[in-house]
Amino acid sequence: MKTLMTHRRSLAAIAILVTTAAVLPLGLYWLFVGRIPNMDPIAASDYLRAAPGETTLIDVRDPVEFHTAHLEGALNWPLSEIVSLQVSGHLPPEVTGRRFLLICNGGVSSAEATRRLRSLGVADTWNVTGGLQSWIAAAEMPGYPAIATLRLGSGEVTPLPYRDAPPGEQAA
């Protein structure tokens, strides 16, 4: 009888661990990224085309990554500088009073930057869901024209490259 009780407790403990391992990452993602105002790449591209004088695409990657390749027309404002802001009055003059569309490589750093700017009272700030990876994938959607080009560090402008992500990358 005692062995049966011990076995049931072990199974219950294993079930709790498995449930926690499955739910915890989703909960953390929702807590840190999911509550951030997001915009998919197609909507972001539409905003940039419809209101270019009112909307700014901001790449929050570090300057080295940005200068290697970035979306044409994007400004570089590194995450480290955004996170260190103390008041919204210290925004760069070229972006003051505009809608911000923040982008990084995968959408996590830009989500953090979006959260920081909104906490400083910059209300019209949006995270581009999935970052450059989603933007590049959206550019290849059938029936939808290319939504941007890349400016390489050499100065050359090229259409967005696209490649299928391997299953391991997709799972991550």
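1. Let's start with a charged pair: Asp-59 makes a salt bridge with Arg-61, and their closest N and O atoms are 2.8 Å apart. A salt bridge here is a side-chain nitrogen of Lys or Arg within 4 Å of a carboxyl oxygen of Asp or Glu. Asp-59 is buried at 0% relative accessibility, and Arg-61 is buried too, with a relative accessible area of 10%. Buried stands for under 20% relative accessible area, exposed for over 50%, and partly exposed for what lies in between (1.4 Å probe, protein chains only).

2. A word on the ground rules. This is a predicted model, in which local features need pLDDT of at least 70 and side-chain atom pairs count only at pLDDT 80 or more, while totals for chains, interfaces and linings use all residues. Residues are numbered from 1 along each chain as its sequence is written, and side-chain values use heavy atoms, with hydrogens and water left out.

3. Now the overall picture. The protein chain has seven helices and eight strands; these are DSSP runs numbered from the N terminus, with helices (H or I) of at least four residues and strands (E) of at least two. Of its 172 residues, 33% count as buried. Take the contacts (heavy atoms within 4.5 Å) with a separation of 6 or more: 62% of them come from residues 24 or more positions apart. The chain exposes about 10300 Å², and carbon and sulfur atoms supply 63% of that. Accessible areas come from the Shrake-Rupley method with a 1.4 Å probe, and for residues only the protein chains shown count as cover.

4. As background, side chains of opposite charge can pair when their charged atoms come close.

5. Asp-124 forms its salt bridge with Arg-99, at 3.4 Å between the closest N and O atoms. This pair ties distant parts of the chain together: Asp-124 lies in the loop between helix H5 (108-119) and strand S6 (125-128), Arg-99 lies in strand S5 (residues 99-103), and they are 25 residues apart. Asp-124 is partly exposed, with a relative accessible area of 32%, whereas Arg-99 counts as buried at 15%.

6. Where does S5 sit, enclosed or open? Five of its five residues are buried, so S5 is largely enclosed by the rest of the structure. Arg-99, Leu-101 and Ile-103 point one way, Phe-100 and Leu-102 point the other way, and all are buried. In a regular strand the side chains alternate between the two faces of the sheet.

7. S5 has two pairings worth a look; strands pair if DSSP finds at least two bridges between them. Strand S2 (residues 55-59) runs parallel to S5, and five bridges join them, with Thr-55 partnering Arg-99. S5 also pairs with S6 in the parallel sense, over three bridges, and Leu-102 stands opposite Asn-127 there. The chain gets from S5 to S6 through H5, and this β-α-β crossover is right-handed. Right-handed means that, with the strands pointing away from the viewer, the path from the first strand over the helix to the second runs clockwise.

8. In the loop between H5 and S6 you will also find Val-122, which is buried at 11% relative accessibility. The C-alpha atoms of Val-122 and Phe-100 are separated by 8.8 Å, although the two residues are 22 apart along the chain.

9. S2 is mostly covered too, with five of its five residues buried. Thr-55, Leu-57 and Asp-59 face one way, and Thr-56 and Ile-58 face the other. S2 also pairs in the parallel sense with strand S4 (residues 75-76), over two bridges, where Ile-58 stands opposite Leu-75.

10. Lastly, the surface. Leu-11, Ile-14 and Val-18 form a nonpolar patch with about 280 Å² of accessible area together. Patches are made of residues with over 30% relative accessible area and no salt bridge, where like charges are joined within 9 Å and nonpolar side chains (Val, Leu, Ile, Met, Phe, Trp, Tyr) within 5 Å. Ile-14 belongs to helix H1 (residues 2-34) and is partly exposed, at 48% relative accessible area.
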